[in-house]
Amino acid sequence: MAYVSKEDKKVIAERVKTLFKKTGFKGSVAGQGTGVLKVTIKSGPLRLPVGPGYEPKSDYGESHYVVNPYRFRESKGLSQEWKDFLVDLEAAIKQDIWFDKSDIMTDYFHTAFYIDIRIGDRKNGYQEAA
């Protein structure tokens, strides 16, 4: 069963915080006690991505983007800088904690947890650092 424990979230949050500090991004990690680890990138040095699959969500008048953590490498809407950062973010999240023993042929799904990555949030959007 997918589950983010308190200990796993603490370790992942430290890794992500270190990556954010190194790359100039700011954000948060949430999801303790659920099956989904949620990473929100609140601000950073890169512009918001545009293109297929990365259309802005205009709730509350601000723009934010929902990243598909399983297909971002193939996205035509992401710049190479975003792809490089997301690869590093994925590595920081998964490392030795995450696993996927799912077998879709037998309809068996077993993973450590699911990952939700958002660039900006519904309330405040994404702030590009100057």
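Helices, of at least four residues, and strands, of at least two, are DSSP runs numbered from the N terminus. With that naming, aspartate 107 lies in the loop between H2 and E4. The model is predicted.

**Nonpolar core**
- The largest nonpolar core contains 29 residues.
- Inside this core, the residues with the most contacts are Ile41, Trp82, Phe85, Leu86, Leu89, Ile93 and Phe113.
- At least two core residues come from each of helix H1 (6-23), strand E2 (36-44), E3, H2 and strand E4 (114-119).
- H2 gives the largest share of the core, with six residues.

**Surface patch**
- Tyr70, Ile104, Met105, Phe109 and Tyr114 make a nonpolar surface patch of about 640 Å².
- Tyrosine 70 sits in the loop between strand E3 (65-67) and helix H2 (80-94).
- Tyrosine 70 has a relative accessible area of 49%, so this residue is partly exposed; the exposed class begins over 50%.

**Positive phi angles**
- Most residues other than glycine have a negative phi.
- Glutamine 95, although not a glycine, has a positive phi of about 25 degrees.
- Glutamine 95 is in the loop between H2 and E4, and counts as exposed because its relative accessibility is 52%.
- Aspartate 107, also not a glycine, has a positive phi of about 60 degrees.
- The relative accessibility of aspartate 107 is 59%, so this residue counts as exposed.

Definitions and conventions. Residues numbered from 1 in each chain as written. Predicted model: local features only at pLDDT ≥ 70, side-chain atom pairs only at ≥ 80, totals over all residues. Heavy atoms only, no water. Patch = residues over 30% accessible without salt bridge, like charges linked within 9 Å, V, L, I, M, F, W, Y side chains within 5 Å. Areas by Shrake-Rupley, 256 points an atom, 1.4 Å probe, with all protein chains shown as cover. Salt bridge = Lys/Arg side-chain N within 4 Å of Asp/Glu carboxyl O. Buried < 20%, exposed > 50% of the residue type's maximum accessible area, 1.4 Å probe, protein only. Core = buried A, V, L, I, M, F, W, Y, C linked by side-chain atoms within 4.5 Å.
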